[in-house]
Amino acid sequence: IAEAKGPEGLGAWYYPEHNVIAVNLTGAGFRSTFGDIICHEFVHHIDFNDAKLRQATTDFYRYRTRNDVETLRPQGFVKVDNWGRDYAGLVYSDSSKIGAEVPAIGIEFLLQDPLGFAERDFEYFKFMVDNVLCSSQQ
């Protein structure tokens, strides 16, 4: 984990090519959600360093978005599905990052309201429990 000076409004990011999580020094407004942001980025780290999780993420994203069309949103092109937050469906041009936001957004849902998450989207909740929380047991 490293401190960096990044764009205003961006709390943190993950560099898979360097295996580094960077926290924005200008992100003072993120203090109330700092733990969620770090967990989000740390799940990116886990996802990109666990081949089974990366494959499970790709498969789940493709399954959930099989009938979706890319839609332009403020954060870029997304496959909207019913993620609970459009950002989970972010479309990356790099095929090694397919579905990368799914587990990262999912961990935020688990931290914020696990019961609500399970009630709202049990399939996504189950993906998170089976593949992210239990990834060391695969």
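**Reading a predicted fold, feature by feature**

Q: Where is Gly 84 found?
A: Gly 84 is found in the loop between E5 and H3. Such labels are DSSP runs: helices (H or I, at least four residues) and strands (E, at least two), numbered from the N terminus. Residues are numbered from 1 along each chain as its sequence is written. This is a predicted model, so local features need pLDDT of at least 70 and side-chain atom pairs count only at pLDDT 80 or more, while totals for chains, interfaces and linings use all residues, and side-chain values use heavy atoms, with hydrogens and water left out.

Q: Which residues is Gly 84 in contact with, leaving aside its neighbours within four places in sequence?
A: A contact means heavy atoms within 4.5 Å. Set aside the neighbours within four places in sequence, and Gly 84 is in contact with Phe 109 and Arg 120. Take Arg 120. Gly 84 and Arg 120 are 36 residues apart in sequence, and their C-alpha atoms are 8.3 Å apart in space.

Q: How many salt bridges are there?
A: Look for a side-chain nitrogen of Lys or Arg within 4 Å of a carboxyl oxygen of Asp or Glu. By this rule the count comes to 7. One of them joins the side chains of Asp 47 and Arg 54, at 2.7 Å from N to O. Asp 47 and Arg 54 are both buried.

Q: What does the salt bridge of Arg 64 and Asp 81 link?
A: Start with the distance: 2.7 Å, N to O, between the side chains of Arg 64 and Asp 81. This pair links distant parts of the chain, 17 residues apart. Arg 64 is in helix H2 (residues 51–64), and Asp 81 is in the loop between strand E5 (76–79) and helix H3 (101–112). Arg 64 counts as buried because its relative accessibility is 9%. Asp 81 has 25%, so it counts as partly exposed.

Q: What is the phi of Asp 81 near?
A: Phi of Asp 81 is near 45°. That is a positive value in a residue other than glycine.

Q: How many residues apart are Arg 64 and Glu 123?
A: The side chains of Arg 64 and Glu 123 also meet in a salt bridge, at 3.3 Å from N to O. Here too the pair links distant parts of the chain: Arg 64 in H2 and Glu 123 in helix H5 (residues 122–133), 59 residues apart. Glu 123 has a relative accessible area of 34%, so it is partly exposed. Salt bridges link Arg 64, Asp 81, Asp 121 and Glu 123 in a network.

Q: At what angle do H3 and H5 pack?
A: Two packed helices are described by the angle between their axes and the distance between the axes. The axes are lines fitted to C-alpha atoms, for helices over the stretch in contact, and angles run from 0 to 180 degrees between N-to-C directions. H3 and H5 pack at about 105°, with their axes 10 Å apart. H3 is therefore roughly perpendicular to H5 (under 35 degrees is roughly parallel, over 145 roughly antiparallel, 65 to 115 roughly perpendicular, and the rest oblique). Residues making the contact include Ile 105 and Phe 109 of H3, and Phe 125 and Met 128 of H5. The contact residues of H3 with H5 divide into 12 nonpolar, 1 polar and 1 charged. Here Ala, Val, Leu, Ile, Met, Phe, Trp, Tyr, Cys and Pro count as nonpolar, Asp, Glu, Lys and Arg as charged, and the others, Gly among them, as polar.

Q: At roughly what angle do the axes of H1 and H2 cross?
A: The axes of helix H1 (residues 34–49) and H2 cross at roughly 100° and come within 5 Å. That makes H1 roughly perpendicular to H2. Among the contact residues are Ile 46 and Asp 47 of H1, with Arg 54 and Thr 57 of H2. The residues of this contact divide into 4 nonpolar, 2 polar and 2 charged.

Q: Is Thr 57 buried or exposed?
A: Thr 57 lies in H2. Its relative accessible area is 0%, so Thr 57 is buried. Leaving aside neighbours within four places in sequence, Thr 57 is in contact with several residues, including Asp 47, Pro 103 and Phe 127.

Q: How many bridges join E4 to E5?
A: Two strands pair if DSSP finds at least two bridges between them. Strand E4 (residues 70–73) and E5 are joined by 4 bridges and run antiparallel. E4 and E5 form a hairpin with 2 residues between them. Thr 71 stands opposite Val 78 in E5.

Key
Buried means under 20% relative accessible area, exposed over 50%, partly exposed in between (1.4 Å probe, protein chains only).
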